[in-house]
Every structure is written in C-alpha cells, then in structure tokens.
Amino acid sequence: GLNTSGQLGIGSTTQQITPVTVNLGLGIIPKSVHAQGDSTCAIVSDGVEDSLKCWGNNSNGQLGIGSTTQQNSPVSVLLSSGEIPRVISMGTNFSCVLLVNGNVKCWGANAFG
C-alpha cells in the first residue's frame, strides 16, 4: 500500500503492491499490531519481556519516541522501566497504551483534550 510516511516500516517510503516483511529486530516476535492512517505500532516480545515499537508519521509525536521525526523503520517507544504494554490503540495523530499494571499512557496530538 501507500507508504509516503514510512508507515509500512520497511526502511523506505516506497509504495508496495505485494506484502513485505517488517524487520522488528533479531529475535523480536510480534504479538499485536495497530495501524492508524500513516502510523503503525506493534507490541513485541524479545522472549523475556514485551515492549512497544512504532513507525511512520510522527508529526505530532504520536510514535512516543521523544521527537516528531518520521520513522521509516520500527523504533522503541519510551516507556518507563517496568512498564509492559498489554494493548495499543491509535487515533488520528495520537496513541494510547494499556499497561499490564492497569495504567494507561497516551501521547501525541491533544487538540480536543
């Protein structure tokens, strides 16, 4: 599909007409994935602990990586030590994660509170 913001996570912005593999990193296993518009996030596991990786448009900080730089490949989200993601949900230019401890964290655009 369309990949103008790197939302396919393949290291480029080249449109793809057939499925391509996203490189999440050596030994990293995807557990769930959520895409919204031109941004994508996945809960992943290294076999020991779950974490969160996101890629694509980041104009409002919706990837949670501490910048607004577009990412064409998966990058780790800046969760605090011991915070383990259970569910990720994305809206237009924002993201929220439900953590295993029951807390919710959100980031990105906040035009409507």
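Tutor: Let's start with Ala 109, which sits in the segment after strand E7 (104–108). Keep in mind that this is a predicted model, where local features need pLDDT of at least 70, side-chain atom pairs count only at pLDDT 80 or more, and totals for chains, interfaces and linings use all residues. Residues are numbered from 1 along each chain as its sequence is written, and side-chain values use heavy atoms, with hydrogens and water left out. Strands (E, at least two residues) and helices (H or I, at least four) are DSSP runs, numbered from the N terminus.

Ala 109 has a relative accessible area of 27%, so it is partly exposed; that label covers the range between buried (under 20%) and exposed (over 50%), with a 1.4 Å probe and protein chains only. Leaving aside residues up to four places away in sequence, Ala 109 touches Asn 60, Asn 93 and Phe 94, where contact means heavy atoms within 4.5 Å. Gln 62 is 47 residues away from Ala 109 in sequence, yet their C-alpha atoms are 6.9 Å apart.

A salt bridge here is a Lys or Arg side-chain nitrogen within 4 Å of a carboxyl oxygen of Asp or Glu. Glu 83 counts as buried at 16%, while Lys 105 is partly exposed at 27%.

There are two salt bridges in the structure. One of them joins Asp 50 to Lys 31, with the closest N and O atoms 2.8 Å apart. Asp 50 is in strand E3 and Lys 31 in strand E1, so the pair ties together parts 19 residues apart in sequence. Asp 50 is buried at 16%, but Lys 31 is exposed at 53%.

That brings us to E2 (residues 39–45), which pairs with E1 (residues 29–36) in the antiparallel sense over seven bridges; two strands pair if DSSP finds at least two bridges between them. Seven bridges also join E2 to E3 (residues 50–56), again antiparallel. In this arrangement Cys 41 stands opposite His 34, and Ser 39 stands opposite Gly 56 in E3. The E1–E2 hairpin has two residues between its strands, with Gly 37 at a positive phi near 65°. The E2–E3 hairpin has four, and Gly 47 in that turn has a positive phi of about 95°. Seven of the seven residues of E2 are buried, so the strand is largely enclosed by the rest of the structure. Both faces are covered: Ser 39, Cys 41, Ile 43 and Ser 45 on one side, Thr 40, Ala 42 and Val 44 on the other.

As for the whole chain, zero helices and seven strands are what you get. Its radius of gyration (over C-alpha atoms) is 13 Å, close to the 13 Å that the globule rule gives for 113 residues, so the chain is as compact as a globular protein of that length. That rule is 2.2 Å times the number of residues to the power 0.38.
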